[in-house]
Amino acid sequence: MARRKRGQPIHGWIIIDKSTGLQSTETTNRVRRLFDAQKAGHGGTLDPLATGVLAVALGEATKTVPYVMDGPKTYQFTVAFGARTASDDSEGEVLETSAVRPSEEAVRAAMESFKGDFMQVPPKVSAIKVDGERAYDLAREGEEFELAARPMTVHRLEMLSCSLEEASFEVEATKGFYVRSLARDIALECGTFGHVTSLRRLATGPFAEEQAVSLEKLEQVGQ
């Protein structure tokens, strides 16, 4: 006799506006429990620092997760100039600093190197595997290693604002793209260091922030 699956046979997509500090897996599990669904998955990890669109699939919809993950993703982000961190965002330890602050003209010129097709080196604090180990585990253990550059495509990169201390951008890019690497590399192209201080995903595949609801609001409705 087949063992009965726990939970309800609920199928479909729930688009969450993820809050800062939440893990993508934690958010997905809370949605599954809220709906008492048998199965759940998400369409692309967001860093704990990041907010925005996290598409959560329930039931049979989990079979379509690869199609959503393969779609383009759009982000808004802010780069602070003058410091390189271990994670390429504000959560990591500061490793190096620079007194150089690029002009808006210099930042706009640097942006041109990151439009269209190019090779991108992922952050060391990432889920990429190195000899069977996650890169973020190796980084936390202080291991020395290098990650290979990977081909990426940026469909659109726009500057939203710029000052001597920071600049904000919107980018639309392909699967596997790291905004933290882009922030790091734009700063390096300008002759300084940089790291992400805010990151928001506006869209992933066919899903956009206009369709999203916060997990907190969803849980209030379910009470």
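Student: In which helix does aspartate 137 lie?
Tutor: This is a predicted model, where local features need pLDDT of at least 70, side-chain atom pairs count only at pLDDT 80 or more, and totals for chains, interfaces and linings use all residues. Residues are numbered from 1 along each chain as its sequence is written, and side-chain values use heavy atoms, with hydrogens and water left out. Helices are DSSP runs (H or I, at least four residues), and strands are E runs of at least two, numbered from the N terminus. Aspartate 137 falls within residues 135-140, which is helix H4.

Student: Is aspartate 137 buried, partly exposed or exposed?
Tutor: Buried means under 20% relative accessible area, exposed over 50%, partly exposed in between (1.4 Å probe, protein chains only). Aspartate 137 has 30% relative accessibility, so it counts as partly exposed.

Student: How are the rings of phenylalanine 77 and phenylalanine 169 arranged?
Tutor: Rings of Phe, Tyr and Trp (its six-membered ring) pair if their centres lie within 6.5 Å; planes under 30 degrees apart count as stacked, over 60 as edge-to-face and the rest as tilted. The structure holds four aromatic pairs. In this one the centres are 5.2 Å apart and the planes at 25°, so the pair is stacked.

Student: How many residues apart in sequence are the parts that phenylalanine 77 and phenylalanine 169 tie together?
Tutor: Phenylalanine 77 is buried at 2% relative accessible area, and phenylalanine 169 is buried at 0%. Phenylalanine 77 sits in strand E4 (residues 73-81) and phenylalanine 169 in strand E11 (residues 166-173), so the parts tied together are apart by 92 residues.
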